[in-house]
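Trainee: I have a model open on my screen and I would like to learn how to read it. Could you take me through it step by step?

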Amino acid sequence: MARTLILMRHGKSSYPPGVADHERPLAPRGRREAALAGDWLGATQPEIDLVYCSTSVRTRETLAATGITAPAQFEPSIYEATPHTLIDLIQLADDEVGTLLLVGHAPGMPWTAWELAANRDSEAAADLSRKFPTSALAVLEFDRAWTDADPGTGELLRFHVPR
């Protein structure tokens, strides 16, 4: 069974004075672009079975704005995570999960997409390596169980920036 992993960076956040980084909300542009990302996901990707989302306010608001209704697990480890931490989390997904969405932050999302991709010379990889802006999505496919989703074992299929 092929498995699809979608790595999404949160939408554009605002910077209210006196608000800690973890508590920053989305800016209006962030809500708009996250909704566009949700539309794109619904139109082009398999139905999402599970979401792993950072506990930050901006990632939770991003997920809400996408309109995705799959079961979500809010994971504190995604905030400021390294690719190693994120890959460990991905490998914990249940075998019945065909499509997994991970909503997090930079640099974790782009670095993890790059680390997992076997096809780093593809057009999608070139686009991803230039910039992974807010609300961007990297879509990877694996021909193995989540427990075996190791570095260099995924095929980077798409890189999309909803604007």
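Mentor: We will go through the sheet, the helices and a few single residues in turn.

Mentor: First, some ground rules: this is a predicted model, where local features need pLDDT of at least 70 and side-chain atom pairs count only at pLDDT 80 or more, while totals for chains, interfaces and linings use all residues. Residues are numbered from 1 along each chain as its sequence is written, and side-chain values use heavy atoms, with hydrogens and water left out.

Trainee: Thanks! In what order do the six strands of the open sheet lie?

Mentor: Start with the terms: helices (H or I, at least four residues) and strands (E, at least two) are DSSP runs, numbered from the N terminus. Two strands pair if DSSP finds at least two bridges between them. Here the order is β3-β2-β4-β1-β5-β6, with mixed pairing. β3 (72-75) and β6 (155-160) are the edge strands, each pairing on one side only.

Trainee: Which way does β1 run relative to β4 and to β5?

Mentor: β1 and β4 run parallel and are joined by six bridges; in that pair Thr-4 stands opposite Thr-99 in β4. β1 and β5 run antiparallel, also with six bridges, and there Arg-3 faces Phe-142 of β5. Further along, β5 (residues 137-142) pairs with β6 in the antiparallel sense over five bridges, and Glu-141 stands opposite Glu-155 in β6.

Trainee: How many residues of β1 are buried?

Mentor: Buried means under 20% relative accessible area, exposed over 50%, and partly exposed in between (1.4 Å probe, protein chains only). β1 is mostly covered, with seven of its seven residues buried. Arg-3, Leu-5, Leu-7 and Arg-9 point one way from β1, and Thr-4, Ile-6 and Met-8 point the other way.

Trainee: Now the helices. Which strands do α1 and α2 lie across?

Mentor: Helix α1 (residues 28-44) lies across β1 (3-9), β5 and β6, at about 30° to β5. Helix α2 (residues 57-66) lies across β1, β2 (50-54), β3 and β4 (99-104), at about 145° to β2.

Trainee: At what angle do the axes of α1 and α2 cross?

Mentor: Crossing angles fall into classes: under 35 degrees is roughly parallel, over 145 roughly antiparallel, 65 to 115 roughly perpendicular, and the rest oblique. The axes of α1 and α2 come within 7 Å and cross at roughly 50°, so the two helices are oblique to each other. The contact (heavy atoms within 4.5 Å) is made by Arg-31, Ala-34, Ala-35 and Gly-38 of α1 and Thr-62, Ala-65 and Thr-66 of α2. Count Ala, Val, Leu, Ile, Met, Phe, Trp, Tyr, Cys and Pro as nonpolar, Asp, Glu, Lys and Arg as charged, and the others, Gly among them, as polar. The contact residues of α1 with α2 are then three nonpolar, three polar and one charged.

Trainee: And how do α4 and α5 cross?

Mentor: Their axes come within 10 Å and cross at roughly 150°, so α4 is roughly antiparallel to α5. Pro-110, Ala-113 and Trp-114 of α4 make the contact with Ala-125, Leu-128 and Ser-129 of α5. These contact residues divide into five nonpolar, one polar and no charged.

Trainee: Which residues does the cis peptide bond join?

Mentor: The cis peptide bond joins Ala-106 and Pro-107, with omega about 10°. Pro-107 lies in the loop between β4 and α4 (108-116).

Conventions. Axes fitted to C-alpha atoms, helices over the stretch in contact; angles between N-to-C directions.
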